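Here is a note for a colleague who is opening this structure for the first time. The points can be read in order.

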Amino acid sequence: MTFAIQKRTLYTHILKELYSPFILGLLVFTFILLTNRILKLMELVVNKGIGLGEVIKLIVFLLPSFLVLTIPMSILLAILIALGRLSADGELIALKASGVSLYQILVPFAVLCCIGFLLTNSLTLFLLPSGNHAFRRQLFQLSQRHSEANLQERIFNDDFAGLVIYINEIPGSGKPMRGILISDKRESDVPSLIIGEEGIIISDQKEMKVTLRLFNGSIHRSAKDFKSYQQATFKVYDMNLQLSDEDSGGDTDVKYSELEASALMALAAERKKENKSAIKILTELHKRFAFPCACFMLGLVGIPLGAYRKKGTRSYGFVLCIVVLFLYYFFLNLGESLAKRGVLYPALGIWMPNMILGLMGLYCLRVVGREKPLVFLNWIEKFTNIISSIVQRRFKQL
């Protein structure tokens, strides 16, 4: 009974050590990943007059796609920092001296990994598709409103991605615009000049697209060296309008990210029956299941790496976290790229980083559990000490 109480006390103590760095890591990593998007979205407020509340909505819709990545990252950081502190204070040594091995304190870390798995799983299966769909719908509504309200006659409008639009006359009341001149630089290699006698704006609610339809005009293109010139005439020409580069991804990929896992499975089966490629669909599907499992794989790597450190600081745990995450996302990007090219099966390409980190974690856990050295950690420690000393000298000079 006493031993059970002691174990419960020990597990509660470790969970408390994991809680703070996990929350801190989740906030920091999410903020870092969101920064680029936030800056681009804030341009809508400053340059295009979009309300701050609408931009906050867009950020909320984006959160699931970033939390899917940052929850596993935060689990790894929490484990490394917590075990680093326990090692630095000699608590791990005291536990080993009391007959408590590394394997006997795995329960609180497993609990954290399970919580991360359940959270990430709920995000990828439910909130991620609906968040992506809501984000695109909100952008469509902003683009639709902006297209209809902010186009002014006899002014060069540059609010749309890659386009500069000049309109000679906007009668209003549903009548077509007249005298339209467009500079199209969306394809930087072949810029185009498009001229149309008349034009109207069409909003497609189903496809969530805003289209500028031109009538009776011509398209003029020239090569960069100006040695070749092309001209084509048209009676009707449709051009998609995008409020910003945020909605510039491929339409097919956007729709796949908005579908639930069951719909992706059905679509992949349908493509196979029709003998069509389902690589992108299967890649998206496997990502939905691979990211939650990364919580276990990163945790499995983090436990022996954190426990091996005899004396350490939180900065060292952060450096280790960055190194492991770099390896994970390097193999993830490599596997996804090879899968989409058809070099690897989608399942193998997407699950490759989980398999590599899982094997690495099992090996390290076995070595550290037997009190044997991990040579590559000594290299990382030396490198970290060198960088740290250089930074300290620079600060002293300043």
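1. Basis. This is a predicted model, in which local features need pLDDT of at least 70 and side-chain atom pairs count only at pLDDT 80 or more, while totals for chains, interfaces and linings use all residues. Residues are numbered from 1 along each chain as its sequence is written, and side-chain values use heavy atoms, with hydrogens and water left out.

2. The chain. Ten helices and six strands make up the count for the protein chain; these are DSSP runs (helices H or I, at least four residues; strands E, at least two), numbered from the N terminus. Of its 398 residues, 41% count as buried. Buried means under 20% relative accessible area, exposed over 50%, and partly exposed in between, with a 1.4 Å probe and protein chains only. Among the contacts with a separation of 6 or more, 65% are between residues 24 or more positions apart; a contact means heavy atoms within 4.5 Å.

3. The largest nonpolar core. A nonpolar core is a set of buried Ala, Val, Leu, Ile, Met, Phe, Trp, Tyr and Cys residues joined through side-chain atoms within 4.5 Å. The largest one has 50 residues, of which Ile79 and Ile105 touch the most other members. At least two residues each come from helix 1 (2-48), helix 2 (52-88), helix 3 (91-97), helix 4 (106-150), helix 7 (279-308), helix 8 (314-340) and helix 9 (346-369). Helix 2 gives the most, with 13 residues.

4. Around Ile79. Which residues is Ile79 in contact with, leaving aside its neighbours within four places in sequence? They are Leu18, Phe109, Leu112, Cys113, Gly299, Gly302 and Ile303. Another core, of 18 residues, lies apart from the largest one and includes Ile180, Ile194, Met239 and Leu241.

5. Aromatic rings. The whole structure has six aromatic pairs. Rings of Phe, Tyr and Trp (its six-membered ring) pair if their centres lie within 6.5 Å; planes under 30 degrees apart count as stacked, over 60 as edge-to-face and the rest as tilted. Phe326 and Phe330 are stacked, because their ring centres are 6.3 Å apart and their planes are at 20°. The two are four residues apart in helix 8, so about one helical turn separates them. Phe326 is exposed at 57% relative accessibility, and Phe330 is partly exposed at 44%. Tyr328 and Tyr329 form an edge-to-face pair, with centres 4.9 Å apart and planes at 90°; both are buried. Ring pairs also link Phe326, Phe330 and Phe331 into a cluster.

6. Ile279. This residue is in helix 7. Ile279 is partly exposed, at 25% relative accessibility. Beyond its neighbours within four places in sequence, Ile279 is in contact with Ala339, Lys340, Gly342 and Pro346. From Ile279 to Ala347 there are 68 residues in sequence and 9.8 Å in space, C-alpha to C-alpha.
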